[in-house]
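Hi everyone, thanks for making time for this.

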Amino acid sequence: MKLLEIQSSVRQERSISRTLASKFIYQWQSFHPDAQHQLRDVGEHPPALITADWVAANLTSETGQTEATKALLSESETLITELFESDRIVLGVPMYNFGIPANLKAYFDNSIRVGRTVQYNRDTATFNGLLTEKKALIISSRAGSYAPETPAGAMDFCVPYLQFILNFLGIQDVEYVEVPYQGMGGEMQQQATDAAIARLMELAKTW
Ligand SMILES: Cc1cc2nc3c(=O)[nH]c(=O)nc-3n(C[C@H](O)[C@H](O)[C@H](O)COP(=O)(O)O)c2cc1C
């Protein structure tokens, strides 16, 4: 069993998404003592933005690959290998301007490749995600609350996007824990944090 932790907050200090993901993983590991844990810190080390040369390399057939095109795709290959090798994926994701952090978008641009992580069926014009048999957990911190069942849920372009993109990659089992009111201080922030931690501790038992 291998757990991949993907962190995307640009903060190391005082990051709620990092802190809560660590608490969850610590608890989860107590039920899976033999599990391996790997950190992919895109907040600290953002993957390179894709370029025209990268797109051309990605469209080059396997037989046409050169040392240069392979070099362009090597970071993407590393990220994709990590994904295939993982059984559980924990994503720490702060909401930035109603969406996901740009660093995490760069990560997905590098990881979503036809023929590598998704397959395209010409007959049905549909995509088929290849990252099957995996579970993902999104832990998303934010200053407001965007619970799906509330009107503010319509302003959340972060978690619905993530849920879609993980499904697109083939990961159907996606859990989500919202950590609202972060940075607002006071009782409301504390209660929201405590509730998110309680939910995560419960989830760790069965995930
Ligand atoms: C650049 C930036 C943009 C943000 N945009 C939003 C936003 O659109 N909505 C929101 O509720 N909070 C927003 N926040 C607040 C963060 O989501 C919140 O502080 C969260 O706790 C950050 O995650 P972290 O504690 O793991 O770093 C933003 C924060 C930053 C730094």
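Let's begin with the helices: at roughly what angle do the axes of helix α4 and helix α5 cross? One thing to keep in mind as we look is that this is a predicted model. Helix α4 covers residues 102–111 and helix α5 covers residues 159–168, and their axes cross at roughly 15 degrees, coming within 12 Å. Angles under 35 degrees count as roughly parallel, so α4 is roughly parallel to α5. The crossing of α4 past α5 is left-handed.

Now please turn to another pair, helix α1, residues 16–31, and helix α6, residues 186–206. Here the axes come within 8 Å and cross at roughly 25 degrees. That angle makes α1 roughly parallel to α6 as well. The hand is worth a look too: α1 passes α6 in a right-handed crossing, whereas the crossing of α4 and α5 is left-handed.

Next, a stop at a loop. Between α2, residues 52–59, and α3, residues 67–85, you will find Q65. What does the side chain of Q65 make a polar contact with? One partner is the side chain of T69, at 2.5 Å. A polar atom of the Q65 side chain also lies 3.1 Å from the backbone oxygen of A57.

And now the ligand. How many residues surround the ligand? There are 17, and the closest are S9, R11, S15, S17 and M95. By type, this shell divides into seven nonpolar, seven polar and three charged residues.

Let's go through some of the contacts. R11 places a polar side-chain atom 2.7 Å from an oxygen atom of the ligand. For S17, an N or O atom in the side chain is 2.5 Å from a ligand oxygen. With N97 the backbone takes part: one of its polar backbone atoms is 2.8 Å from a nitrogen atom of the ligand. As for cover, the ligand taken alone exposes 630 Å², and the protein buries 75% of that.

That's my tour, and I'm happy to go back to any of these views.

Key. Residues are numbered from 1 along each chain as its sequence is written. This is a predicted model: local features need pLDDT of at least 70, side-chain atom pairs count only at pLDDT 80 or more; totals for chains, interfaces and linings use all residues. Side-chain values use heavy atoms; hydrogens and water are left out. A residue is near a molecule or strand if one of its heavy atoms lies within 4 Å of it. A polar contact is a pair of N or O atoms within 3.5 Å; within protein, one must be able to donate a hydrogen and the other to accept it, and residues adjacent in sequence count only if both atoms are side-chain atoms. Accessible areas come from the Shrake-Rupley method with a 1.4 Å probe; for residues, only the protein chains shown count as cover. Ala, Val, Leu, Ile, Met, Phe, Trp, Tyr, Cys and Pro count as nonpolar, Asp, Glu, Lys and Arg as charged, and the others, Gly among them, as polar. Axes are lines fitted to C-alpha atoms, for helices over the stretch in contact, and angles run from 0 to 180 degrees between N-to-C directions. Helices (H or I, at least four residues) and strands (E, at least two) are DSSP runs, numbered from the N terminus. Angles under 35 degrees count as roughly parallel, over 145 as roughly antiparallel, 65 to 115 as roughly perpendicular and the rest as oblique. A crossing is left-handed if the near helix is turned anticlockwise from the far one by less than a right angle, and right-handed if clockwise.
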